[in-house]
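Colleague: I would like to go through the terms used for this model. Please set each value against its definition.

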Amino acid sequence: MFEYFKNKLFRRFKNNEANIHELNYLFWECTMRCNLNCLHCGSDCSKNSSSDDMPLEDFLSALDTIEPKSDNFMVVLTGGEPLMRKDIEQCGREIRKHGARWSMVTNGYLYDQEKHNALLNAGMGALTISLDGLEESHNWLRNNKNSFARADNAISLARSSTRLNFDVVTCVNRKNIEELPLIYNYLLSKSVKAWRLFTIIPIGRAANNPELILTDQQFTEMLGFISRTRKLKTIDIKFSCEGYVGKFESKVRDSGFFCRAGINIGSVLIDGSISACPNIDRSFIQGNIYSDNLFEVWNKKFQMFRDRKWTKTGQCAGCKDYTDCQGNGMHLWHGDKENVLVCHNEKISN
Amino acid sequence: MISNWIRNLLRGLSVTSMVFVFQACYGTPQDMKYDMYIEGVVKARATGDPIQGIRVSLTETDQYEFTDDRGVFSFYTDIATSYPILFEDEDGGQNGAFMTRDTVLDPENYTIFFEIALDRE
């Protein structure tokens, strides 16, 4: 009975959030350059990306259109690898001067003591570091023999700061699924407090590499691992917001599945395009900062994100969980949008 | 208006309180806003000229910054009850030679601006 009312309340809450659509979280795809060449990269970044970094002033002009900013508004620097930008500290300082807080997602390769100090000085308040396994499996996925050592050092530095709200993310794949208990022990030994697990979806470079995609059984095992580990209360482990996981919903996250793309989350992509999360198909782009006012676009467009009835098609059309799932994550709709790319709930049921 | 009222109502219900602290797919955790901004100018006591290249350290953390050509330094750091700060001339005589000095700042709000003078060696 309690679960019934809780779910009903949560659905109401989600609808209400879509109506209000307060912009809390703005990704800035500040570079497409990357120092690694990961096997699973969804955006096909490279050292020699053909896209130039977006000039800081261009982003700041767009940021200034957001007025008033919500209480917990923040800018999340992403890429590519944000640390490839030489002016990353200046970017952070200017974002603070323009009334926003900021954070960053990094592979940790260039995150040394000096960079750590400079980023803290520039007002960085949160950080996510990717770690995709112990040394062998991390280096395999990241395609670089030194990447684990560098990420390990970055984790130590991040952990040394009491000011940073920091977590580790792991892309779970067939090579590291058996390692999860070992990664857990490693993270505990590093005093890491928060750990988020993802799976890899078959897009970008991962589309043609079956080793990266979990079998349905492995996926269910991963959720079981998260569920069991959460009960230990030794680390804040959770499954990411990538998809609806049915009977595991209350066991693998702090709250139910809610894809906030376009509801609370927006992004400015490398070419100025305005969208929601950067990993969402480019066909969902809503405008461009070089021709549109970012905040006007946020307030007046994004209908496909805020009313997801259109996702009730393909296998979602007759799904009994649709009311709670609402078409899964928006990043799972591509091309003709006739069917969802991955149904996490189906994986559990198989 | 009604939507905001409902939102606040839901905020008060513990069953959904966690949903106000969220992370995007492959985004970061929320910034918990636990910081203070400190900015200052380092000048030569005798002349009042700004000094470039002074290392300014927050001694209770690992954070440091060097003054620029206007003698200015700034950083964000953890909220604390006081801030012991050390000023050291590490570039020898390049911008003049100055004696090390320390001070303790007591914050009154979330931003501190101050000026400090160093003596020549």
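Modeller: Read along the sequence, chain B runs α-β-β-β-β-β-β-β. That is 1 helix and 7 strands, where helices (H or I, at least four residues) and strands (E, at least two) are DSSP runs numbered from the N terminus. The model is predicted, so local features need pLDDT of at least 70 and side-chain atom pairs count only at pLDDT 80 or more, while totals for chains, interfaces and linings use all residues. Residues are numbered from 1 along each chain as its sequence is written, chains are lettered from A and ligands numbered from 1 in the order in which they are written, and side-chain values use heavy atoms, with hydrogens and water left out.

Colleague: How many aromatic pairs are there over all chains?

Modeller: A search of the whole structure finds 21. Rings of Phe, Tyr and Trp (its six-membered ring) pair if their centres lie within 6.5 Å; planes under 30 degrees apart count as stacked, over 60 as edge-to-face and the rest as tilted.

Colleague: Why is the pair of B:Tyr37 and B:Tyr76 called tilted?

Modeller: Their ring centres are 4.8 Å apart and their planes stand at 50°, so the pair is tilted. The pair links distant parts of the chain, with B:Tyr37 in strand β1 (residues 35-44) and B:Tyr76 in strand β4 (residues 72-78), 39 residues apart. Both tyrosines are buried.

Colleague: What makes A:Cys171 count as buried?

Modeller: Buried means under 20% relative accessible area, exposed over 50%, and partly exposed in between (1.4 Å probe, protein chains only). A:Cys171 has 5% relative accessibility, so A:Cys171 is buried. A:Cys34, at 10%, is buried as well. In chain B, 43% of the 121 residues count as buried.

Colleague: What sits over the ring of A:Phe284?

Modeller: The charged end of A:Lys337, at 4.5 Å from the ring centre. A charge sits over a ring if NZ of Lys or CZ of Arg is within 6 Å of the ring centre and within 35 degrees of the ring normal. A:Lys251 lies over the face of A:Phe248, at 5.9 Å from the ring centre.
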